[in-house]
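Dear colleague,

Please read them with the model open beside you.

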Amino acid sequence: MSRSQVRPSSAQPLHAQTYANRVRPDYTFHAYGRSEGVCGLMITDHEYPSLVAHQLLSKVCDEFLSKYPRSAFANATESANMSYPELKDYIVKYQDPQQADSIMKIQKELDETKIVLHKTIESVLERGEKIDNLVQKSDELSASSKMFYTQVSIQELATEGSVMLT
């Protein structure tokens, strides 16, 4: 890996710089190194959010170091057995980044709420149009009934006038 291919992330502190390197066109490599001598590497497809990958690497490295401080492996002469079964749980949990990352989860819920609100507003507008049509028909009916009443009154007056003349 050449130096020009590695780009440090400005979001991470200097003691734990994070790198994302695209070596193969199909995958993204995420690496997280700590000054204590521990690093994490994660290979994802391009659609997997980098922020979530880096959060996972950071969390795993932090928890590993809290379980196994540097003194546990710094002076080891042979490979020490430092199992970390929690990693399997994290891998399962982070398969769906929207469920693992609270910000993405909230964004998904907001998007779903926005869709529901748009549908509700559309139905209210449709109801409003129906109400407007009903009001217009009611006004037309009222005008027709007033005209009918006026015509009936005129006919009654005309009938009374003709009865009086006879």
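Glu 86 is partly exposed at 29% relative accessibility, where buried means under 20% relative accessible area, exposed means over 50% and partly exposed lies in between, with a 1.4 Å probe and protein chains only. This is a predicted model, in which local features need pLDDT of at least 70 and side-chain atom pairs count only at pLDDT 80 or more, whereas totals for chains, interfaces and linings use all residues. Residues are numbered from 1 along each chain as its sequence is written, and side-chain values use heavy atoms, with hydrogens and water left out.

Glu 86 forms a salt bridge with Lys 67, the closest N and O atoms being 3.6 Å apart; the term stands for a side-chain nitrogen of Lys or Arg within 4 Å of a carboxyl oxygen of Asp or Glu. The pair links distant parts of the chain, since Glu 86 lies in helix H3 (residues 86-93) and Lys 67 in helix H1, 19 residues apart. Helices (H or I, at least four residues) and strands (E, at least two) are DSSP runs, numbered from the N terminus. Lys 67 is also partly exposed, with a relative accessible area of 37%.

A search of the whole structure finds 3 salt bridges. Asp 62 and Arg 34 meet through their side chains in a salt bridge of 2.1 Å, N to O. Asp 62 belongs to helix H1 (residues 50-67) and Arg 34 to the loop between strand E3 (27-33) and strand E4 (39-45), so this pair ties together parts that are 28 residues apart in sequence. Glu 36 forms a salt bridge with Arg 34 as well, with the closest N and O atoms 3.0 Å apart. Arg 34 is buried, at a relative accessible area of 16%, while Glu 36 is partly exposed at 24% and Asp 62 is partly exposed at 35%.

As for the helices, the axes of H1 and H3, which are lines fitted to C-alpha atoms over the stretch in contact, come within 11 Å and cross at roughly 165°, with angles running from 0 to 180 degrees between N-to-C directions. That makes H1 roughly antiparallel to H3, a label for angles over 145 degrees. The contact, meaning heavy atoms within 4.5 Å, is made by Leu 56, Lys 59, Val 60, Glu 63 and Lys 67 of H1 and by Glu 86, Leu 87 and Tyr 90 of H3.

Best regards

Key:
Parallel < 35°, antiparallel > 145°, perpendicular 65-115°, else oblique.
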